[in-house]
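Please keep the structure in view while reading.

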Amino acid sequence: KDTSLSERSDSLHSPKTCYQESNFDRAMREGKEAAVAANLLLESFRRNRRNFWAHKLKNGKAPKCAWSPSNSNGSAEEKDSSNVQFGVISDTCSKVSSRSRPIEAKGDSLIQCLECDLVGCAPSFLNGGKGGNQYMMLHFLMSGHRFGVTCGPLGEIFSFGSGDIVYHEVFDQERERIFLEQNIPSLSWRETPILRGVDPSSFIVTQEHGVIWRGLMATYPAPVSTQLVEASRLAAKRFSIFRGDIDSRFMEMGANAAELAIYQQRHSENRWIPTPVGIYNLGNTCFMSAILQCMIHCKPLQKSFLTDLAHPYQSCESLLCGSNKTSCLTSEMDKLFLEYYGSAVGIDTIAALEEQQDLSSDETPDFVKKQTHDNRGHPIVPSTLMGEIWKSKGMRHVSGHSQHDAQEFFNAFVDCLATHALAYQQSAHELTRVMHETQIKPSSSNEISATNDTGANI
């Protein structure tokens with residue numbers, strides 16, 4: 001009771017009364033700290049990828065090197081005070097720029113720091129000498145930060161410790177997910193954090209110490225089924241081919257796919273169906289052919305099926321695998337659009353999407369071969385589509401080889417397309433919802449809705 005305040009303070013900090021952290025508590029604390037740090041890196045990576053797609057798809061602001069004179073805002077004092085701790089030296093930048101006038105780096109020649117979001121020129125050994133400066137190496141040295149991501153289509157992880165590009169499955173999965181989120185949202189899934197928990201593999205047996213716990217192991221629970229992953233990858237491959245992205249990481253390119261991608265790249269300014277193609281009469285089916293020709297030459301529908309991938313048939317087949325539903329009218333319509341487009345340009349589009357590249361073969365596709373397009377203008381045979389029409393419940397009154405009214409066929413056909421398109425979208429989001437709820441608590445702020453509902457609004 002008579003102890004002074006200073007004596008009480010000394011007693012609280014004495015070794016006898018100081019709290020001794022157990023090994024378990026220390027492992028839990030370090031595990032939480034590591035999870036927080038990893039999630040901060042992942043959030044920075046997500047911002048990088050979203051900024052890239054915003055620039056590419058919506059003409060958003062492109063990232064620039066922080067050392068670039070065109071990137072300076074405000075007074076020199078303000079710039080120095082905020083950036084000198086991260087290695088940005090405006091005087092050096094201006095002197096180098098005025099003396100050598102290097103070409104401004106862009107794309108994967110820029111690196112964004114994953115710990116502070118600063119953007120600078122990548123090392124010359126990574127960008128092939130395109131940038132000419134190595135400002136990000138200076139940043140890593142002065143700041144002590146260690147990881148960055150390139151700002152171009154590759155979005156690769158750079159490690160300052162190893163001085164090279166490194167790979168990790170978490171970032172690979174997240175890169176793929178954001179690609180789908182920005183381009184094919186109907187086949188994307190919610191983002192999840194990196195978690196840490198006890199895993200059987202975290203226990204090892206040694207001869208010296210017996211069973212040893214290696215600590216909390218990082219896990220990245222992707223709330224998505226293998227069906228949806230397969231469906232999304234098939235759609236991503238088709239998206240890349242039709243955009244002419246020959247160097248896309250989302251596809252293994254065979255000869256037919258390379259031919260189609262090259263054609264799309266050369267005709268990037270006009271990707272509409274260039275010329276009409278005939279449709280064979282299968283026996284009193286002129287009413288169906290007339291309606292199909294009108295719909296195929298409706299440009300919003302061309303954009304929906306060929307560009308926006310409102311209903312990619314391969315993805316639909318993957319999602320329907322194992323379900324009671326074995327066929328889809330909208331998938332057959334998607335195939336018809338592909339066949340019609342392929343006949344108009346002289347390329348077998350179905351073969352390009354379905355071919356499997358033989359990775360064991362030494363032969364590589366000839367990217368510069370002359371395209372002959374010998375099959376251009378060959379008429380379409382819609383036998384598979386007609387068979388699907390006859391099986392659809394809402395179209396049995398216009399089935400058979402009798403003559404029917406075109407307007408009556410059109411109304412029934414559009415209603416069935418909308419019904420099948422809605423079922424496809426619901427199956428994709430149902431798979432995402434079920435897997436998400438079984439692994440991690442849903443977050444309303446990250447929920448992705450079905451924005452690609454073109455099929456239901458035909």
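## A hairpin in the sheet

In this predicted model, the hairpin of β3 and β4 has six residues between the strands, and Gly155 there takes a positive phi near 60 degrees. Strand β4 covers residues 157-159, and β3 and β4 pair in the antiparallel sense over three bridges. Phe147 stands opposite Ser159 in β4.

Strand β3 also pairs with strand β1. Strand β1 is made of residues 110-113 and strand β3 of residues 147-150; this pairing too is antiparallel, over three bridges. The bridge partner of Cys113 is Gly148 in β3.

## The whole sheet

These strands belong to an open sheet of five strands, in the order β2-β1-β3-β4-β5, with antiparallel pairing. At the edges are β2 (119-121) and β5 (164-166), each of which pairs on one side only. From one strand to the next, the twist averages 40 degrees.

## A helix across the strands

Which strands does helix α6 lie across? Helix α6 (residues 135-143) lies across β1, β2, β3 and β4. The direction of α6 is at about 20 degrees to β1.

## Two helices packed together

Helix α8 (residues 226-242) packs with helix α12 (residues 313-320). The axes of α8 and α12 are 8 Å apart, and the angle between these helices is about 175 degrees. Angles over 145 degrees count as roughly antiparallel, and α8 and α12 are therefore roughly antiparallel to each other.

On the α8 side, the residues that meet α12 are Gln227, Leu228, Glu230, Ala231, Leu234, Ala235 and Arg238. On the α12 side are Tyr313, Gln314, Ser315, Ser318 and Leu319. The residues of this contact of α8 with α12 divide into six nonpolar, four polar and two charged.

Helix α13 (residues 329-345) has 17 residues. From its first C-alpha to its last, α13 reaches 25 Å, close to the 24 Å expected at 1.5 Å a residue.

Is α13 mostly covered or mostly uncovered? Helix α13 is mostly covered, with 16 of its 17 residues buried. After α13 comes Gly346, which has a positive phi near 85 degrees.

Key. Residues are numbered from 1 along each chain as its sequence is written. This is a predicted model: local features need pLDDT of at least 70, side-chain atom pairs count only at pLDDT 80 or more; totals for chains, interfaces and linings use all residues. Side-chain values use heavy atoms; hydrogens and water are left out. Helices (H or I, at least four residues) and strands (E, at least two) are DSSP runs, numbered from the N terminus. The expected span of a helix is 1.5 Å times one less than its number of residues. Buried means under 20% relative accessible area, exposed over 50%, partly exposed in between (1.4 Å probe, protein chains only). Axes are lines fitted to C-alpha atoms, for helices over the stretch in contact, and angles run from 0 to 180 degrees between N-to-C directions. Angles under 35 degrees count as roughly parallel, over 145 as roughly antiparallel, 65 to 115 as roughly perpendicular and the rest as oblique. Contact means heavy atoms within 4.5 Å. Ala, Val, Leu, Ile, Met, Phe, Trp, Tyr, Cys and Pro count as nonpolar, Asp, Glu, Lys and Arg as charged, and the others, Gly among them, as polar. Two strands pair if DSSP finds at least two bridges between them.
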